[in-house]
Amino acid sequence: MTDSAWIDAALTSARPQAVGALLRYFRNLDTAEEAFQNACLRALKNWPQHGPPRDPAAWLIMVGRNAAIDEVRRSRKQEALPEDELISDLDDAEEKLAERLDGSHYRDDILRLLFICCHPDLPATQQIALALRIVSGLTVKQIARAFLVSEAAMEQRITRAKARVASADVPFETPGAVERSERLAAVAATIYLIFNEGYSASGETSEIRKPLCEEAIRLARLLLRLFQSEPEIMGLTALLLLQHARAGARFDANGEIVLLDDQDRSLWNQKMIAEGLALIDKAMRHRRSGPYQVQAAIAALHARAARPEDTDWAQIDLLYGALEIMQPSPVVTLNRAVAVSKVRGPEAGLQMLEPLAERLSGYFHFFGVRGALLMQLGRNEEARVAFDRAIALANTSAEAAHIRSHLDRLIRDSAKLGTKASKK
Amino acid sequence: MLYAILCYHDEDVVGSWTREQDAAVMSKLAVVQDKLKKAGRLGPVARLLPTTAATTLRKDDPPVVLDGPYAETKEQLLGFYLVDCENLDDAIGVAHDLGAANPGGTYEIRPVGLFQPGGTAK
């Protein structure tokens, strides 16, 4: 690995802690971010010569803070602080000081940063953009690309979010226990949304958007390290790992969707699966279930099945039943209907779908599942109607293409039936 | 004598490697390992999953199960090698070669007192 790659990795990993601490000093996102950028520039100049400091985050906090104070003083035409090169030579002294400043704050600094980016006053789209910009340090250009919007539009979204945070009365003090657990849920939700943005990408865009999934996993691990005994955070991390493990098998060479049953399971990332299974194992020991754990448990059952026919659909049905109680939603019931159809046949699955028709009348997957179940029952005409509706509602061209392949099969089948009939 | 070479590094940093960077490090390490393997000196090698996947059992009475790694430190135990070495100098030499292939972090070199190869786990 080259020098600059090492430094990049060190800067990325130190970022949440450093920006969090700088935010505590300056109580302003822009100032904190600018101070961090300045510190990074100095690191790029200083580290290759002097070697990386023992504690990169502490170094960046010190240098960033001094640079920002220096900036203020210079603008007041006062005496400048000593050069950071001089400070960084005092390695031990620097470290002790920085540790005294930050050791006890480490956890709170990162939390505050996450809490601010996932502030309830911000709409979800702004939370995600702000978290990716401030916590992850992705460039505006990278974020814009991942969300398939122009750089200018993304810049504006982030600026708005910052203005909103600045005008909202954001407490910089450490939140109390109750608020902390509420806000923790908000942070987890943002991470989940970031992941979904990447996961729901179509074949053509999955390469561009995959970094969102990877970033979400990194943030989930970060959160888990801060809350090592929270089973829901274990569940969230496990869920993301288990889903992302299938990334390499979800699209074919033409960028078309490959359904779970048809995926080449040898392409699943076994290391991610192992980590996900270990985490869900740990979480279950706490006997405090929650939606992320249940979803992770479902993903784990898929991951554990060497072949599609080995899947424990009865257990998946039960887990979706549990999820329906925790988080009642027609989409959850739709997923349960798929499991039910595997256990008790397409007719039973279809019956479960009927009550959802009204609420999911604009939902692509509802008609996709309905069409597939009708097709299994040989009710081809009704299946065709459902598939037509699904195509009209498709979000991506890959979704539409996938349904079209079903339709083609229907047409081929009915053509075959037609020739058989005419032969008689 | 058998030596354990325990690999410590900041797992935040290692976790920030891109897949390509990770693969590059692993393939460089494979070259060093191959040399040891051919000389018949390489024992088991393990890379551990992140400490977020760790559980700690404190052997109190009754034992207490805790989430997370045993100690909260800046650098975490990320993996280990067992290598047959003439003496400490030799073991330090091996650690040097491994470190050249994968810079950053720390190796702790510990002579092995008891080694049971087992041989059934996969």
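This is a predicted model: local features need pLDDT of at least 70, side-chain atom pairs count only at pLDDT 80 or more; totals for chains, interfaces and linings use all residues.

At what angle do the axes of α12(A) and helix α14 (residues 291–304) of chain A cross, and within what distance do they come? I looked it up: they cross at roughly 35 degrees and come within 8 Å.

**Entry: α12(A) with α14(A).** I checked the hand of this crossing, and it is left-handed. From α12(A) I get P231(A), E232(A), G235(A), L236(A), A238(A), L239(A), L242(A) and Q243(A). They meet Y292(A), Q293(A), Q295(A), A296(A), A299(A), A300(A) and A303(A) of α14(A). Sorted by class, I have ten nonpolar, four polar and one charged.

**Entry: α12(A) with α10(A).** Next I looked at helix α10 (residues 177–199) of chain A against helix α12 (residues 231–244) of chain A. The angle is about 5 degrees and the axes are 11 Å apart. Angles under 35 degrees count as roughly parallel, so I'm calling α10(A) roughly parallel to α12(A). On the α10(A) side I wrote down A188(A), I191(A), Y192(A), F195(A) and Y199(A). On the α12(A) side the contact uses E232(A), I233(A), L236(A), L240(A) and Q243(A). The classes here are eight nonpolar, one polar and one charged.

**Entry: A68(A).** Buried or exposed? I counted A68(A) as buried, because it has 21 C-beta neighbours inside 10 Å and the cut-off for buried is 20 or more. A68(A) sits in helix α3 (residues 56–75) of chain A. Ignoring neighbours within four places in sequence, I find A68(A) in contact with F26(A), T31(A), E34(A) and A35(A). I also checked A68(A) against A357(A): they are 289 residues apart along the chain, and their C-alpha atoms are separated by 58 Å.

**Entry: chain B on chain A.** How many residues does the contact take from each chain? I get 18 from chain B and 20 from chain A. On the chain B side, the elements giving two or more residues are α1 (11–16) and α2 (19–38) of chain B. α1(B) gives the most, with four residues. By class, that side of chain B splits into seven nonpolar, seven polar and four charged.

**Entry: confidence.** Last, I noted the scores. The model has ipTM 0.86 and pTM 0.85. For chain B the mean pLDDT is 92, and 100% of its residues reach 70 or more.

Note on methods:
Residues are numbered from 1 along each chain as its sequence is written. Chains are lettered from A and ligands numbered from 1 in the order in which they are written. pLDDT is the predictor's confidence in each residue, from 0 to 100. Axes are lines fitted to C-alpha atoms, for helices over the stretch in contact, and angles run from 0 to 180 degrees between N-to-C directions. Angles under 35 degrees count as roughly parallel, over 145 as roughly antiparallel, 65 to 115 as roughly perpendicular and the rest as oblique. Two residues are in contact if their C-beta atoms, placed from the backbone, lie within 7 Å. Ala, Val, Leu, Ile, Met, Phe, Trp, Tyr, Cys and Pro count as nonpolar, Asp, Glu, Lys and Arg as charged, and the others, Gly among them, as polar. A residue is buried if 20 or more other C-beta atoms lie within 10 Å of its own, exposed if 12 or fewer, and partly exposed in between; C-beta atoms are placed from the backbone. A crossing is left-handed if the near helix is turned anticlockwise from the far one by less than a right angle, and right-handed if clockwise.
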